[in-house]
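The report below is meant to be read beside the coordinates.

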Amino acid sequence: MKRIMHDPLTGIYRATNDYVHATEALSPARLLFISGTMGLDDKGHAGKTIDEQLELIWSNIAVILRHADMTEQNIVKVTTFLTDPTFADANAKWRMKALGNQPVATTSVIVQTLDPTWLLEIDAIAAA
């Protein structure tokens, strides 16, 4: 599958270097829609800090991708639900690290989670 990043330079605000306005997946044979994933370990315990939860989330997403015979390079869209706007920088840093510094279409929203120990939740779309 070929991917084309769309970041118009005129007529719209500039994207920062950690995301693009749109990711086009040309002729994907498969699409994988990853449910909201929390920063929980394999026993269901939440990491105590934002960095611990982000590490667990991206590890959990990697497990899901590999189960579908994909990698982080197949991700074309990420949505993050943060409980605190101060987590935005850490979220961007971990996302870029997990995706090998490849920006993708991204949305972040400030929300209240179902469990107060969950500091954020991430869902994603992958294409192969």
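This is a predicted model: local features need pLDDT of at least 70, side-chain atom pairs count only at pLDDT 80 or more; totals for chains, interfaces and linings use all residues.

Residues are numbered from 1 along each chain as its sequence is written, and side-chain values use heavy atoms, with hydrogens and water left out.

Helices (H or I, at least four residues) and strands (E, at least two) are DSSP runs, numbered from the N terminus. An open sheet of 4 strands has the order β3-β6-β4-β5 with mixed pairing, where two strands pair if DSSP finds at least two bridges between them. Its edge strands, each pairing on one side only, are β3 (31-38) and β5, and the twist averages 10 degrees from one strand to the next. Two of the pairings are tabulated here.

| Strands | Sense | Bridges | A bridge pair |
|---|---|---|---|
| β4 (residues 75-82) and β5 (residues 105-110) | parallel | 6 bridges | Phe 81 and Val 109 |
| β4 and β6 (residues 120-127) | antiparallel | 7 bridges | Lys 77 and Ile 125 |

Helix α1 packs on the sheet by touching β3, β4 and β6, and its direction makes about 150 degrees with that of β3; helix α2 touches β4, β5 and β6, and its direction makes about 155 degrees with that of β4. Contact here means heavy atoms within 4.5 Å, and angles run from 0 to 180 degrees between N-to-C directions of axes fitted to C-alpha atoms, for helices over the stretch in contact.

The axes of α1 (residues 50-67) and α2 (residues 88-98) come within 10 Å and cross at roughly 30 degrees. The two helices are therefore roughly parallel to each other, a term that covers angles under 35 degrees. On the α1 side the contact includes Leu 54 and Trp 58, which with their neighbours meet α2 residues including Trp 94 and Ala 98. The residues of this contact divide into 6 nonpolar, 1 polar and 4 charged, with Ala, Val, Leu, Ile, Met, Phe, Trp, Tyr, Cys and Pro counted as nonpolar, Asp, Glu, Lys and Arg as charged, and the others, Gly among them, as polar.

Conventions
Angles under 35 degrees count as roughly parallel, over 145 as roughly antiparallel, 65 to 115 as roughly perpendicular and the rest as oblique.
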